[in-house]
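Here is a short report on one model.

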Amino acid sequence: MSKSGFRKRHLLLPVYIIMVLVIFILPFFSIEGYSIIYHTTSQLGAQMTPNAWIMNIVFLFLGIACIIESWLYLKKYWFQKILLTIFGLSLIFTAIFKHAPFHMDLLYNLREDQLHSFFASMVGFSFTIFAFSAAFIELKPARRLLAVLVAVIAVFFSILIFNTPYAGIWQRLMFIISFGWLIIFLKGAAVNFKK
């Protein structure tokens, strides 16, 4: 495949579609008591959780797709490229280091859970800074506003995740909106940032 042929392909879109399917379907094939409303996607990929590998593979491929597309399409925008690379690497490490088990009475690897939490925080932090910074390189005012809005939504939903019992719903909405915007942004970058 030629370099230009490869560039026409957007890896993130098919992974995004798979992610949306997995975060809503996998709960029915996970541990008993798991709720889409109350529980996070990290808990779908948790230690000693049935079919956790599926969620972790999705995290892994999301991270890889973000890294590849950032280097293909962001060109001279090194700050944004580095932020999106950190975001992608952090997603990969959330797949490698798994959340504590759904049932906390089970014996589990505490260090692995701590590393998962660290990288999950890095996912949120790097994405939010990236979205804000994207507003400075977007060419159209509407797209600048959208980037800022997505960053604000990411912060707002993160607060809701940690301060309400409906973490599952808020996180899923945040993922759908954030990755959906990222696809739109990168498609625009592929056209606007060619040089």
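Which helix gives the most to the lining of the largest pocket? Helix 6 does, with 10 residues. This is a predicted model, where local features need pLDDT of at least 70, side-chain atom pairs count only at pLDDT 80 or more, and totals for chains, interfaces and linings use all residues. Residues are numbered from 1 along each chain as its sequence is written, and side-chain values use heavy atoms, without hydrogens and water.

**The pocket.** The largest pocket has a volume of about 670 Å³. Of its 32 lining residues, Ala120, Ser121, Phe162, Gln171 and Met174 are the closest to its centre. By class, the lining has 16 nonpolar, 15 polar and one charged residues.

**Helix 6.** Helices are DSSP runs (H or I, at least four residues), numbered from the N terminus. Helix 6 has 25 residues and reaches 36 Å from first C-alpha to last. At its start, a side-chain oxygen of Asn109 comes to within 3.1 Å of the backbone nitrogen of Arg111.

**Two buried residues.** Buried means under 20% relative accessible area (1.4 Å probe, protein chains only).

| Residue | Relative accessible area |
|---|---|
| Phe102 | 15%, buried |
| Ser42 | 12%, buried |

Phe102 lies in the loop between helix 5 (78-96) and helix 6 (110-134). Contact means heavy atoms within 4.5 Å. Ser42 sits in helix 3 (residues 41-44). With that same exclusion of residues up to four places away in sequence, Ser42 touches Phe59, His99, His116 and Gln171.

Terms used. Helix = DSSP H or I, 4+ residues; strand = E, 2+ residues; numbered from the N terminus. Buried < 20%, exposed > 50% of the residue type's maximum accessible area, 1.4 Å probe, protein only. Expected span 1.5 Å × (residues − 1). Polar contact = N/O pair within 3.5 Å; in protein donor to acceptor, adjacent residues only side chain to side chain. 1 Å grid on protein atoms, 1.4 Å probe; cavity = no way out; pocket = protein on both sides within 12 Å on 5 of 7 lines; lining within 4 Å. Points joined across faces, edges and corners; volume = space filled by probe spheres on them. Nonpolar A, V, L, I, M, F, W, Y, C, P; charged D, E, K, R; others polar.
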